[in-house]
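Open the model in your viewer and get ready to pick out a few pieces of it.

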Amino acid sequence: MPAILIIGASRGLGLEFVRQYAADGWRVLATVRDPLKGRAVSDAGAEVYVCDVGDCASIARLAAALVDIRLDVVLHNAGIYGENQGLGQVEAEAFMTVMRIDALAPLLTAQALAGRLGEGGIFAAVSSNMGSMADNSSGGSYAYRAAKAALNMVVRNLSIDLAPKGARAVALSPGWVRTDMGGPDAPLEAPEAVAGLRKVLAGLSERDNGRMIHYDGRILEW
Ligand SMILES: NC(=O)c1ccc[n+]([C@@H]2O[C@H](COP(=O)([O-])OP(=O)(O)OC[C@H]3O[C@@H](n4cnc5c(N)ncnc54)[C@H](OP(=O)(O)O)[C@@H]3O)[C@@H](O)[C@H]2O)c1
């Protein structure tokens with residue numbers, strides 16, 4: 001039975017990933033940062049762990065708890081949008097919080113959990129086309145865009161550094177999805193976006209290592 005760890009599974013896309021992988025017969029391990037939110041995740045079919053990806057000690061505890069488990073996929077989904085991101089509103093602390101959660105944390109979880117991935121294993125981070133320089137024609141969202149762009153570089157680096165052990169790294173773009181983060185006007189529902197991303201992961205080829213891939217299978221430009 002293949003095993004996946006979904007980091008940041010309490011709601012939104014993360015919870016939908018749990019539902020779909022569990023329904024598909026995978027062994028699903030999933031994290032929440034608030035234990036009170038664990039019930040919905042275990043009801044959806046996952047073994048639940050607690051992890052706040054903004055806390056290095058919490059990531060270390062997660063890695064220690066999983067030390068004997070071999071994972072086929074580590075999916076870092078946890079992310080925040082942040083506040084006050086228009087030009088003229090940006091504040092240093094708020095900017096750095098988004099960088100910490102959206103860019104640094106996926107690197108720290110990859111670093112802590114790379115040993116759980118074997119030959120053919122995948123580290124996938126949920127990024128965003130808002131982190132693509134080529135795709136940016138509307139401005140704003142300074143912290144979120146900068147953090148996802150940094151995440152994309154982290155993933156590209158991981159794709160090189162994990163290659164000797166036969167593992168791959170990809171950045172996933174879910175599209176604009178109706179979740180707490182995406183808001184009510186988003187055109188996509190989580191089940192469709194997640195089904196698309198699962199198809200992307202299932203069909204990943206060697207050439208895809210280090211790429212950013214949209215939920216519909218398109219390779220996105222950086
Ligand atoms: N929705 C979209 O349109 C869209 C588009 C592009 C990319 N994305 C990306 O997709 C991913 C999931 O987004 P979503 O739309 O499902 O957002 P969401 O509904 O706001 O869910 C965010 C998830 O991240 C978790 N999280 C936040 N900070 C965390 C921390 N410090 N430690 C551990 N978990 C933390 C949340 O846990 P809590 O419940 O504890 O807060 C929650 O499970 C994010 O990386 C986001 O950037 C979303």
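Select M212 first: its bridge partner is L220, in strand 8. Now widen the selection to strand 7 (residues 212-214) and strand 8, which pair in the antiparallel sense over 2 bridges. Here a strand is a DSSP run of E with at least two residues, a helix a run of H or I with at least four, both numbered from the N terminus; two strands pair if DSSP finds at least two bridges between them.

A note before moving on: this is a predicted model, where local features need pLDDT of at least 70 and side-chain atom pairs count only at pLDDT 80 or more, while totals for chains, interfaces and linings use all residues. Residues are numbered from 1 along each chain as its sequence is written, and side-chain values use heavy atoms, leaving out hydrogens and water.

The open sheet has 8 strands in the order 3-2-1-4-5-6-7-8, with mixed pairing. Strand 3 (46-50) and strand 8 (219-220) are at the edges with a single partner strand each, so one side of each has no neighbour in the sheet.

Contact means heavy atoms within 4.5 Å.

Last, select helix 3 (residues 56-65) and helix 4: their axes come within 10 Å and cross at roughly 30°. Among the contact residues, look for I59 and L62 of helix 3 and L108 of helix 4.

Notes
Axes are lines fitted to C-alpha atoms, for helices over the stretch in contact, and angles run from 0 to 180 degrees between N-to-C directions.
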